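Colleague: I'm new to reading protein models. Could you walk me through one, feature by feature?

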Amino acid sequence: MDAAMAAVVRECGAFGGLLYVLPPGGDALWLVLVAGVPQEIATPWRRVALTDPMPVADAVRERRLVWVGGQEEMARRYPRPALVLPYEFALAAAPVVSDTAKLRGGLVLMWAGDRPDRLSPDERDALDSGCRRLGGLMERAAERGDPLLPAERPRMLPPPSGRLVPPDEAREVSAFVDRLPGGSCALDTNGRITFMTPAAAGLVGRDAAELLGTLPWESLPWMDVPQVEDRYRAAVVSRRPQAFTVLRPPDVWLSFELYPDSSGVSVRITRADPDGDAPESPSVPAAGPSRATVLYHLMHLAATLTEAVGVQDVVEQTADQLLPALGARAMALMAAEDGRLKILGHRGYSDEVIGRFDAVPLSSDIPGSEVLTTGVPGFFPTFADLRREYPSTVHEDGMASWAFLPLIASGRPIGSILLAYDRPRGFPPGERAVLTSLAGLVGQALDRARLYDAKDHLAHRLQSALLPHTLPRIHGLQVAARYLPAARGLGIGGDFYDLIRLDAHTAGAAIGDVQGHNVDAAALMGQVRTAVHAHATVGASPADVLARTNRLLTDLDPDLFTSCVYVHLDLAARRACLATAGHPRPLLRHADGRTELLRVTPGLLLGIEPDTVYPALEVPLPRGSVLALYTDGLVEAPGVDLDDATAALAGLLEHADPSDLDAMADTLIRHSPTPGDDIALLLIRLGD
């Protein structure tokens, strides 16, 4: 796997790559292999949900190549990664598919920002063959019982080795470097110092031996300013030279020039012009995460939380970002509910441990309970500190330090977040401020998410109440119905269907779509369905059912229009009579598979003109035939011709098994366009 990954990166001319695996039945991609990209930059993308607005998610979900040619295109199409990595680079994402066409994961490759804005044919061929090779390796690993699965940290491929330098040449190279003005040092692909000349050590004011193996912004406090690590990230991601100037206290300004390649970064250090413009001296921060690291993850967390919809989205996004950013091992998101502790979600703790606290009455004996009521954070560097505050606490999670942070929204605590560390943590003032600020960001997202979940629950209860809970069982009639909403929350639609028992030998079927996606549309849908049902029950013909319902809607004047098809089914004569009000025409699949579009003349949408006439069409229903009624969400999609989409639906119906209507309905729904509208489907088959 390592060799195949290194080969596809090399053959495509990319500087780095990320390999994701899609676990069987999973809904998220997990990063398992990283080449040429620092782990700290790759970590925020360790888990990517298939629904995330990310290139690799689009590539895997839609099984296609996604190409992003530069920073401007990234900002336009994928704002989240563009906000976190605002640098000039190109990216390709492709699905990793096995030889048996099974989806195994996704591959992301990255190029320097100065490359052409399109993949060449050779690069495309290398990418395709590399994905096939990786997919084949994943499949063979799964077949032998050793599948590639998500790990706690992705595997990092070592950078390519440089050329071997003979000892005599090495001495000359060293002397050459020492003769250059200023000083020089080298960083590896993770930003750690691997080499430093005596002149460079003198300029930064430290012994070179003390700095080897360290990150400059951690070992040199005056370099812990956002621009330093940001320029390093820019060099690594864009593979372009970068430069910055920084003050070494008390009064020495130093200029740094960074020259990156696949093996690391070469750095040239010189004294800067003391008379030039220079920023104010930054204050030396307290111990803890570097400010650039915190800013990086803060931006990423802010970007991802804006896209979180429900509470579980907030839990997942918070865990994905905060745990690696802050070095925490476990997390729990909590709230108070009816005087009890409610665990909204967790990561890093076992269900057994969490289960001991979920739904227990709130009391002063529970660690962090006061945070839920007072909004004051609690920091406990050791278990002794925690035990001192909560004497009855038992050390059962194996952690060394804990932070209980309030989740504040609209000036009040709505919950709390527990961060647990497996190594001692001092929590100096600077770090406490950072943690509290991050928790505030989570609190705002949680407040929005809880409101959204409440609306989502209300909307689906309303919609469920307006649609039939079950369809009547009618002798001699087989039916299958499906409803697929387009959106969560109050974006509910007005699609509906109904099956009506009329007498022992006749039945009625209806399907319709009220304009709009809101509570008004859903309420009107209930009125239309009730009206159609009532008029059909008293024996009205299809034309009269629609005409009477239309007059009701024009009297109500709801400012919303409705499409509808009503079908009267004569089970004994095996015939159907139907009329339509501006609705997609039904499809009829014959026993031999031949499928036709029923050419019923459509009348106006319901609710426009009170005296509209609705022509009816009578058709035979031969043995083994299936009648398909559907709403436009099953065929309409941006940029797709409606006739072509209807023909494609007819093709699916033709090749489906008519003996299993449920399987047929699932097939039709599964191949529907990416939902931008609700979908309702009703399949009807007369018994043999």
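Modeller: Let's go through it step by step, starting with the ground rules.

Modeller: This is a predicted model, so local features need pLDDT of at least 70, side-chain atom pairs count only at pLDDT 80 or more, and totals for chains, interfaces and linings use all residues. Residues are numbered from 1 along each chain as its sequence is written, and side-chain values use heavy atoms, with hydrogens and water left out.

Colleague: Okay, the big picture then: how many helices and strands does the protein chain have?

Modeller: Helices (H or I, at least four residues) and strands (E, at least two) are DSSP runs, numbered from the N terminus. Here the protein chain has 21 helices and 27 strands. Its C-alpha atoms fill a box of roughly 100 × 65 × 55 Å along the principal axes.

Colleague: And what share of the residues counts as buried?

Modeller: Buried means under 20% relative accessible area, exposed means over 50%, and partly exposed is in between, using a 1.4 Å probe and protein chains only. In this protein chain, 51% of the 688 residues count as buried. The accessible surface, from the Shrake-Rupley method with a 1.4 Å probe and, for residues, with only the protein chains shown as cover, comes to about 31100 Å². Carbon and sulfur atoms hold 53% of that surface.

Colleague: Next, salt bridges. How many are there by the rule?

Modeller: The general idea is that side chains of opposite charge can pair when their charged atoms come close. The rule asks for a side-chain nitrogen of Lys or Arg within 4 Å of a carboxyl oxygen of Asp or Glu. By this rule the count is 25 salt bridges.

Colleague: Which residue forms a salt bridge with Asp 58?

Modeller: That's Arg 61, with the closest N and O atoms 2.6 Å apart. Both residues sit in helix H3 (residues 55-62), 3 residues apart, or about one turn of the helix. Asp 58 counts as buried because its relative accessibility is 12%, while Arg 61, at 41%, is partly exposed. Arg 61 also meets the side chain of Glu 62 in a salt bridge (3.5 Å, N to O), and Glu 62 is partly exposed at 39%.

Colleague: Now sheets. What is the strand order in the open sheet of 5 strands?

Modeller: Strands of a sheet pair through backbone hydrogen bonds, either parallel or antiparallel. Two strands count as paired if DSSP finds at least two bridges between them. In this open sheet the order is S19-S20-S21-S22-S25, with antiparallel pairing. Strand S19 (494-501) and strand S25 (616-620) are the edges, each pairing on one side only. Strand S22 (residues 575-581) and S25 run antiparallel and are joined by 5 bridges. One to look up is Ala 579, whose bridge partner in S25 is Ala 616.

Colleague: Which strands does helix H19 touch?

Modeller: Contact means heavy atoms within 4.5 Å. Helix H19 (residues 542-556) packs on the sheet and touches S21 and S22.

Colleague: Is Arg 239 buried or exposed?

Modeller: Arg 239 counts as buried, since its relative accessibility is 14%. Its phi is positive too, about 55°, although it is not a glycine. You'll find Arg 239 in the loop between helix H11 (226-238) and S10.

Methods
Axes are lines fitted to C-alpha atoms, for helices over the stretch in contact, and angles run from 0 to 180 degrees between N-to-C directions.
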